[in-house]
Amino acid sequence: MKLKYTAAWVGFTAAAMVAVSACGSEGVKKAVDVADRTDAIMAALARATDRTENLGSAEVKVSTATTGAAPISMEGTYSWGGGYAFDVEMDTKAAQMQQLQHAPTTRMLFVDGAYYYDVDPQPSGPLKGKEWMRIDASAVFGEKGAKAFNGAGGGSPAASMKGLKYAKNVEDLGKETVDGRSTTHYRARLDQAQLGKFKDAYGEKDTLSGAITGGAASMTMDVWVGGDNLPVRLKQEIGAMTVTMDFEKFGRTAVVKAPPAAETGDLTEVVKDATGKQ
């Protein structure tokens, strides 16, 4: 059934968006130096995380790339002050949404734990006469992953940066210019034991997100922080998936609201059925 295939792909787009040891006096000095640098890096990242969390929202450009598939670019607003939500436009063809949307771009929302896609009303089925398609996050991440993803800011930039607290391998890669702005580039690597709640969201192989990432055995996070202690770019490599977020402006974005129920068709069970995740 074409609708089942399309719904399954749409579910895929939704998932789309260190110890130091030494001996001897010289070894001890080097270890202390490394520890001092690590403390300085973590302090800088903590400042950036706090500022990001406090501002509550941002205008963002997002690119999601997975092995064997064309990148999907999105642009819009993300908010996390009153619960994780976003409102973005994405390329219809890149998202393989042509069966459900004839316009060149498709609007996608995430609010109240579900994804919503602005679609053309269909002549039959669950989307008959409907302007919006709904897919619960549980169809993408599983029940456990959906709770981790949606709780406490979920997959928001603030939550991603808070995830850096799990990292034990962090680096300061120096000054770089990103989007015309001077930044400091930091990198952190998290292995299976350090993934924290990311493991629940991305590491379960029997979910759509797990299928995309290959089970997420590790994660590399790069963040470019500007002089105002705010991220300019955040990149996450999670198994086979890479998500890059460029921040245009923080704060003062519009509240994201779910579409009217009367205009919405729910395809959560169709996605679960199409991918055998019932």
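This is a short tour of a predicted model, one selection at a time.

**Stop 1: V111.** Select V111 in strand β4, which spans residues 105-111. Is V111 buried or exposed? V111 is buried, with a relative accessible area of 5%. Now show its contacts beyond four places in sequence: Y84, A85, Y116, V256, K257 and A258.

**Stop 2: the aromatic rings.** Y84 is buried, at 2% relative accessible area. Select Y78, Y84, F86, F110 and Y115 together; they form one aromatic cluster. The model has 8 aromatic pairs. Zoom in on Y84 and F86: the ring centres are 6.0 Å apart and the planes meet at 65°, so this pair is edge-to-face. F86 is buried, with 0% relative accessibility. Next, turn to F86 and Y115. This pair is tilted, with 6.3 Å between centres and 55° between planes. It links distant parts of the chain: F86 is in strand β3 (residues 85-91) and Y115 in strand β5 (residues 114-118), 29 residues apart. Both F86 and Y115 are buried.

**Stop 3: D246 and R233.** Move to strand β11, residues 241-250, and select D246. D246 counts as buried at 13% relative accessibility. Which side chain does D246 join through a polar contact of 2.6 Å? The partner is R233. Further contacts of D246, beyond four places in sequence, include E59, V60, K61, D179 and V232. Finish on R233 and W224: R233 lies over the face of W224, 5.8 Å from the ring centre.

Methods:
Residues numbered from 1 in each chain as written. Predicted model: local features only at pLDDT ≥ 70, side-chain atom pairs only at ≥ 80, totals over all residues. Heavy atoms only, no water. Helix = DSSP H or I, 4+ residues; strand = E, 2+ residues; numbered from the N terminus. Buried < 20%, exposed > 50% of the residue type's maximum accessible area, 1.4 Å probe, protein only. Contact = heavy atoms within 4.5 Å. Polar contact = N/O pair within 3.5 Å; in protein donor to acceptor, adjacent residues only side chain to side chain. Phe/Tyr/Trp six-rings, centres within 6.5 Å; stacked < 30°, edge-to-face > 60°. Lys NZ or Arg CZ within 6 Å of the ring centre and 35° of its normal.
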